[in-house]
Amino acid sequence: MNSLKKHRLVRITIVYWFLLVYIVVALIFWYMELNQQNRQMYEYQLAQLHKDSPDYRSAVAEIEAAKNTKTSQYIGEGSVFLLLILVGAVFVYRATRRQFILSRQQQNFMMAITHELKTPIAVVRLNVETLQKRRLEEAQQQKLIANTLQEVNRLNTLTNNILVASQLETGAYRLNKQQINISRIATEAVRDLQNRFPQRSMDATIQPEVYMQGEDTLMQLLLNNLLDNAVKYSSRESPVKLLLKKENSHVIIQVTDEGIGIAAEEKKKVFEKFYRVGSEETRTAKGTGLGLFLSKKIVQDFKGTITITDNVPKGSIFTVRF
Ligand code: ADP
């Protein structure tokens with residue numbers, strides 16, 4: 001966060017608390033003032049009475065009752081005001097905070113996305129320039145082409161994520177539900193991942209010919225996001241598992257890794273838009289915080305559920321059930 005914004009935030013916070021304290025103190029002050037006036041009026045009315053008059057006692061009782069009614073009225077109205085002010089203050093505070101967090105996440109998102117877009121473009125450009133300028137051996141050429149393809153795929157997933165996220169959000173995306181072969185999509189996703197990360201060990205158990213109501217592109221996106229994360233948030237040596245099966249007419253997709261895992265209090269938050277665990281300073285993996293937000297949205301659009309559980313001894317298990 002830049003220091004200008006930080007200063008502005010500090011200023012706004014100070015003004016906010018000052019106003020709030022001022023209003024509450026003013027309310028208490030007014031209550032005391034009114035109460036004192038009430039007492040003075042009471043004493044004045046008492047002084048007006050003739051002690052030897054026959055209805056002196058009843059007159060005193062009447063004046064006292066009037067005083068008590070006034071006091072209860074002040075307390076009642078004052079409390080309602082105070083409550084309203086406090087509720088309003090909490091509301092404003094929370095709304096501003098949420099807005100502030102969102103704007104910070106959006107800023108991080110812009111930074112992340114610029115990076116995520118620029119890196120593959122730079123790599124692709126360099127590779128293609130090398131291929132154009134130099135006569136390379138066949139093996140080297142193939143390596144460069146494979147690397148270029150990998151980067152293009154990354155770009156593809158990223159742009160798809162951004163596009164679909166904004167379309168699903170605005171309702172512009174037209175779901176085209178149809179019978180799809182989810183086994184084929186899962187097999188392709190694993191193959192794709194294996195091509196991109198040949199050094200990673202992948203363990204896929206895919207029941208063949210499992211069909212469901214869905215859409216190819218969105219299911220690809222869902223699987224790619226979950227598998228990408230499993231690779232991204234675990235060490236190179238650890239395996240990534242994919243399980244796909246049909247169980248009691250439900251389609252179950254499970255992606256398991258032995259990576260850094262997700263703390264209990266983060267398990268819900270990771271599905272929020274732009275949310276990423278940790279801070280910009282401590283994070284090493286690149287990302288945008290859109291993948292899981294989108295995954296959840298896709299799963300919900302097809303009336304499914306997505307949950308995270310801890311893998312033993314470490315890592316996470318993402319389970320999708322349709
Ligand atoms: P990102 O682009 O940051 O990966 P996601 O929406 O896919 O965005 O994930 C949100 C956050 O959830 C990530 O930044 C990461 O902190 C956490 N996360 C997602 N998948 C995993 C996983 N398999 N293991 C550990 N943490 C994960």
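Predicted model: local features only at pLDDT ≥ 70, side-chain atom pairs only at ≥ 80, totals over all residues.

Colleague: What is the strand order in the open sheet?

Modeller: The five strands run in the order E2-E4-E5-E7-E6, and their pairing is mixed. Strand E2 (202–206) and strand E6 (305–310) are at the edges with a single partner strand each, so one side of each has no neighbour in the sheet.

Colleague: And how much are neighbouring strands turned against each other?

Modeller: On average by 15°, ignoring direction.

Colleague: In which sense do E2 and E4 pair, parallel or antiparallel?

Modeller: Parallel, over five bridges, with E4 covering residues 240–247. As one example, Met 202 has Val 240 in E4 as its bridge partner.

Colleague: Which strands does helix H6 touch?

Modeller: Helix H6 (residues 291–301) packs on the sheet and touches E6 and strand E7 (316–321). The direction of H6 makes about 130° with that of E6.

Colleague: Switching to the ligand, how many residues surround it?

Modeller: There are 19 residues around the ligand, and the closest are Asn 229, Tyr 233, Arg 276, Thr 288 and Leu 292.

Colleague: What lies 2.7 Å from an oxygen atom of the ligand?

Modeller: That is a polar side-chain atom of Tyr 233. The side chain of Asn 229 has an N or O atom 2.8 Å from an oxygen atom of the ligand. Gly 289 takes part through its backbone, with an N or O atom 3.0 Å from a ligand oxygen.

Colleague: How much of the ligand's accessible area does the protein cover?

Modeller: It covers 97% of the 530 Å² that the ligand has on its own.

Colleague: New topic: where is Val 164, and is it buried or exposed?

Modeller: Val 164 sits in helix H3 (residues 138–170). Its relative accessibility is 5%, so Val 164 counts as buried, the cut-off being under 20%.

Colleague: Which residues does Val 164 touch?

Modeller: Setting aside residues up to four places away in sequence, Val 164 touches Tyr 173, Leu 218, Leu 221 and Leu 294.

Colleague: What about Asn 161, buried or exposed?

Modeller: Asn 161 lies in helix H3 as well, and with 7% relative accessibility it counts as buried. Beyond its neighbours within four places in sequence, Asn 161 is in contact with Leu 221, Asn 225, Leu 290, Gly 291 and Leu 294. Leu 221 and Leu 294 are also among the contacts of Val 164.

Notes: Residues numbered from 1 in each chain as written. Heavy atoms only, no water. Pairing = 2+ DSSP bridges. Helix = DSSP H or I, 4+ residues; strand = E, 2+ residues; numbered from the N terminus. Axes fitted to C-alpha atoms, helices over the stretch in contact; angles between N-to-C directions. Contact = heavy atoms within 4.5 Å. Near = heavy atom within 4 Å. Polar contact = N/O pair within 3.5 Å; in protein donor to acceptor, adjacent residues only side chain to side chain. Areas by Shrake-Rupley, 256 points an atom, 1.4 Å probe, with all protein chains shown as cover. Buried < 20%, exposed > 50% of the residue type's maximum accessible area, 1.4 Å probe, protein only.
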